[in-house]
Amino acid sequence: MSSQKEIIKMDEVVIRFSGDSGDGMQLTGTQFSDTSALFGNEVSTFPDYPAEIRAPQGTVGGVSGFQVHFGRKEILTPGDYCDVLVAMNPAALKANLQWVKPTGTIIVNIDSFDEKNIKKAGYTADPLEDNENWSYKLVKANITNMTKETLKDSGLDQKSIVRSKNMFALGIVYWMFDRPLDHTIEFLDKKFGKIPEIAEANKKVLKAGFDFAHNIQALAYHYEINPAHIEKGTYRNITGNKATAWGLMAAAEKANLPLFCGSYPITPATEILQELALRRDLGVKTMQAEDEIAGICTAIGASYVGNIGVTTTSGPGLALKSEAINLAVITELPLVIVDVQRGGPSTGLPTKTEQSDLNQALFGRNGESPMPIVAASTSGNCFKFAYEATRIALEHMTPVILLTDGYLANGAQPWRIPSMEDLPSITPPIVSSDEKDYLPYKRDAKTLVRKWAVPGTKGLEHRIGGLEKLDGKGSISYIPENHELMCEYRRDKIQLISNNIPEQEIFGDKDGGEILVIGWGGTYGHLSTAVSELREEGKNVSLAQFNYINPLPKNTKDIFSRFKKHIVFELNLGQFVNYLRNEQPEFNYLQYNKVQGLPFTIEEIKNRINDLLKEK
Amino acid sequence: MCDKKYTPADFKSDQEIRWCPGCGDHAIIASVQRAMAEINIPKEDWAVISGIGCSSRFPYYMNTYGFHTIHGRAAAIATGVKCANSKLKVIQISGDGDATAIGGNHFIHALRRNIDLTMLLFNNKIYGLTKGQYSPTSEYGKKTKTSPYGTFEKPFKPLQLALGAQARFIARSIDTSINLTKDIIIEANKHKGTSLVEILQNCVIYNDGAHKYVTDRENARDRQIILKHGKPMLFGKNNDKGLILNSKGKLTVVEIGKHGVKLSDILVHDAHCLDPHIHWLLTNMEAPALPVALGVIRSVEDNAYNEELEKQIVNVKQSSKIKCMNDLLHQGDTWEVK
């Protein structure tokens, strides 16, 4: 694929594909990111689509986008601003123009810029006409018409022909970045295996787009992004939701217990249930329950009889599950509740990301109800923390909430495949019928964990339930002192988990310094990129990104005390910072919050830290 | 079956029973313990799951595995138990409030899915544990603490709700009819799928005599009909009354020997009939016009959800190349970084 054109070498590039929600932009973006990952780049992606399946065509509300960030260096976010915007219609241009770098390239499907579509997008005049002040490179391509021309002899109907125009756009971008076509060709053959004429048409249009880009003078530049230097190993692309499902299954296999997932579909968590439902081959039992409550209750029933019960949801569903979560708290059964956070309150912003369920996870239940909370911080490490949540649930006989978010769940990144042998062992306290003097609420002296006698085990018949238990025996007890003792046991049992989780790490100056940026969960990519860029500029800034929320790692206070200033960044109005003010009150925490349903931008993080560095 | 021969006493736990003296629940637990002794499977294979309410204290008094859960959710938790370990025999205990009010959704979906459970619904037409409020099965106009001037809502008949939810097995008994309840539980246990047993239960404190018209021993044989599959629908003190389907498609009481009615005119109970039409008419019968139907009203064979789930796992396992997590992790597009 040699070219006579000018070659620009770049470390990283952000491309945003955008069009109507029916234009196939998600597929186009995924193809580009997969191809780049196979090429050896670091990749991070983020889909951005409307809540409506088919919002009104041609309107800004109906625009669906997919952003791909790839490069030869470490890529941790899908990027703030894009180098290339593909806009399949005026609405896509209008919705995304603000995210294009001044030096960026905009590829438009000029065929869709007619009066009607321009109006629908909310423009009063053709935005491509009056743009003398634009610094962008503009590529006007007759994508629809060239697609029609390419397929005029295909015998396909007009609708099918027009539908393949996304492949033309993909072909253009493949040429610009010197990507091979084979992965997508293979994909099309597989996807449309049963309708070869559609596969052929798509392939033809893809090549036509590639050739078009090669031939026209408008694209007088050509980028080269060399493969990244990444850790050795076998890699694959994975989304956060898939990684979560796989982490749960890996933990079940390691613990040698069956996995049962009871769930109710809810955006943006549904794919976890879907992924688990595929895995009958690994013995996974899934049940699409009649509601969120039945989802968790079937999971609790499964845990009661010796499975690892799992339920997956998002904020509104977590609210519905609270009563049942408490049943698992008081009966001290292992259970994993995955909350893929989205914008709230109420239905809120179902397809947008937020970190605003932390308070609900920590406090959203009646009574004294302590529970471990862990949070994933990248799409890939959703695997690790789903595994960890399950390990903690099983080894400590407790429900655990795993917090991910819409951004991690839908985002994808190349992920180094772990070996099952290298994952930590998981040893649930299951007892067999030869257990002497079994008492359901007798606790291990060090961990305060009770033992698990699974129904079907001879001689260990016992009763559990939601009423307060007598210490040891577990029969119903209304004794005042016993209730207080049991509340304290349940609290201390969760706190003691800090002996079974790793210490908090610092990215930057381990021995301390000026500013400690504090984050948790899904903001890791943006915070670490910002901190790393500031450090390259010589600034005294470090980062502590928390994955273990409750309990906090044991060294939390120690590492906080090594820094002069502490600033907590989170996508809510200050939930983690208030938690820290309560848990580690010795420090004066500053905070930076955002609740727009969007991730942070690296720019805004850096601006805030720079301001703080200037303050005396 | 197992080597040991169990007696009802083997199923009694060491917990003191705290139901009110005279409560129908005492008789029901005796029926269940007798049924378990007759069924005689290893004791550790029983799991008794309840919701919330007076009746839901049940598991604490049983010397089996037991789980007293939360209000309305017994059916959902029992569903999880059976699907996760189908070797266990699951008895689910709910009251009328638990099953038909707060847990209505789980009740109908467990029946629809046909999870292999025995569901005992203690219907006393009142909220007892909260001290006397009307329930979805309380009669129209019922005066209670939350309806001091009388209700104006029509009650559910739980068995009809169940038929609407595709129930394959429905039965009805009376708390004090210990042998009938025991026999029904044995039948329910044999049935593959959700077996719903409504038990007309007396709350001696808040709704005493709610079922008295039907259960009154003096007139019981005229006001009850105990259905048996394959047997004519006969009842009455002298067993000479019977049911026929009249020309308008309604059930009617006739007397053998009067107006030329012969035994062969009487309907024969077919619990296995797929069409639920007659079963629905039977569940609808009310005294005094018609006797209240007891016994196994419907028992139709069908696939149980939990079995289908296990079958699917076996089938998919056979045809899939993925045998363990390592296979899955490396499935599809992967690449090597050297």
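Let me start with a helix in chain B. α2(B) is mostly covered, with eleven of its eleven residues buried. The buried residues in α2(B) include B:Ala74, B:Ile77, B:Val81 and B:Cys83. B:Thr79, B:Gly80 and B:Lys82 are buried there as well. One caution before I go on: this is a predicted model.

So where does that helix sit? Look at the contact between the chains. It takes 54 residues from chain A and 51 residues from chain B. On the chain B side, six elements each supply at least two residues: β2 (65–68), α2 (74–84), α4 (104–113), α10 (305–319), α11 (325–329) and β12 (335–337). Which of them gives the most? That is α2(B), with eight residues. By class, the chain B side divides into 24 nonpolar, 18 polar and nine charged residues.

There is strand pairing across the two chains too. Strand β17 of chain A, residues 463–465, pairs with β2(B). The sense is parallel, over three bridges. To find the spot on screen, go to A:Gly465, which stands opposite B:His68 in β2(B).

Now stay in chain B and move to its strands. Take β3(B), residues 89–95. It is mostly covered, with six of its seven residues buried. β3(B) has strand β1 (residues 46–50) of chain B as a parallel partner, joined by five bridges. In that pair, B:Ala47 stands opposite B:Val90. β3(B) is also joined to strand β4 of chain B, residues 118–123, again parallel and by five bridges.

Chain B as a whole, quickly. Its secondary structure comes to eleven helices and twelve strands. A compact globule with 338 residues would have a radius of gyration near 20 Å, and chain B has 22 Å, which agrees. Its C-alpha atoms fill a box of roughly 95 × 50 × 45 Å along the principal axes. Of the 338 residues, 49% count as buried. Take the contacts in chain B with a separation of 6 or more: residues 24 or more positions apart account for 67% of them.

Over to chain A. It has 20 helices and 22 strands. Its radius of gyration is 27 Å, close to the 25 Å that the globule rule gives for 616 residues, so chain A is as compact as a globular protein of that length. The box for its C-alpha atoms is roughly 85 × 65 × 45 Å, again along the principal axes. Buried residues make up 53% of the 616. Among chain A contacts between residues at least 6 apart in sequence, 77% join residues at least 24 apart.

Next, the domains. Chain A is divided into domain 1 (6–224), domain 2 (236–422) and domain 3 (513–614). The C-alpha centres of domain 1 and domain 2 of chain A lie 35 Å apart. How many residues of each are in contact? The count is 13 from domain 1 and nine from domain 2. On the domain 1 side, α1 (25–39) and β3 (42–48) of chain A each supply at least two residues. The largest share, six residues, comes from β3(A). By class, that side has eight nonpolar, three polar and two charged residues.

Last stop: a sheet in chain A. It is open, with seven strands in the order β11-β10-β12-β13-β15-β14-β20, and the pairing is mixed. Which strands stand at the edges? They are β11 (285–288) and β20 (548–550) of chain A. Each has a single partner strand, so one side of each is left without a neighbour in the sheet. Direction ignored, neighbouring strands are turned by 20° against each other on average.

One helix to finish. Helix α11 of chain A, residues 292–304, packs on the sheet. It touches β10 (259–263), β11, β12 (308–313) and β13 (335–341) of chain A. The direction of α11(A) makes about 165° with that of β12(A).

That's my tour. Over to you.

Technical notes: Residues numbered from 1 in each chain as written. Chains lettered and ligands numbered in written order. Predicted model: local features only at pLDDT ≥ 70, side-chain atom pairs only at ≥ 80, totals over all residues. Contact = placed C-beta atoms within 7 Å. Helix = DSSP H or I, 4+ residues; strand = E, 2+ residues; numbered from the N terminus. Nonpolar A, V, L, I, M, F, W, Y, C, P; charged D, E, K, R; others polar. Pairing = 2+ DSSP bridges. Domains from an automatic or database assignment. Rg over C-alpha atoms; globule rule 2.2 N^0.38 Å. Buried ≥ 20, exposed ≤ 12 C-beta atoms within 10 Å, placed from the backbone. Axes fitted to C-alpha atoms, helices over the stretch in contact; angles between N-to-C directions.
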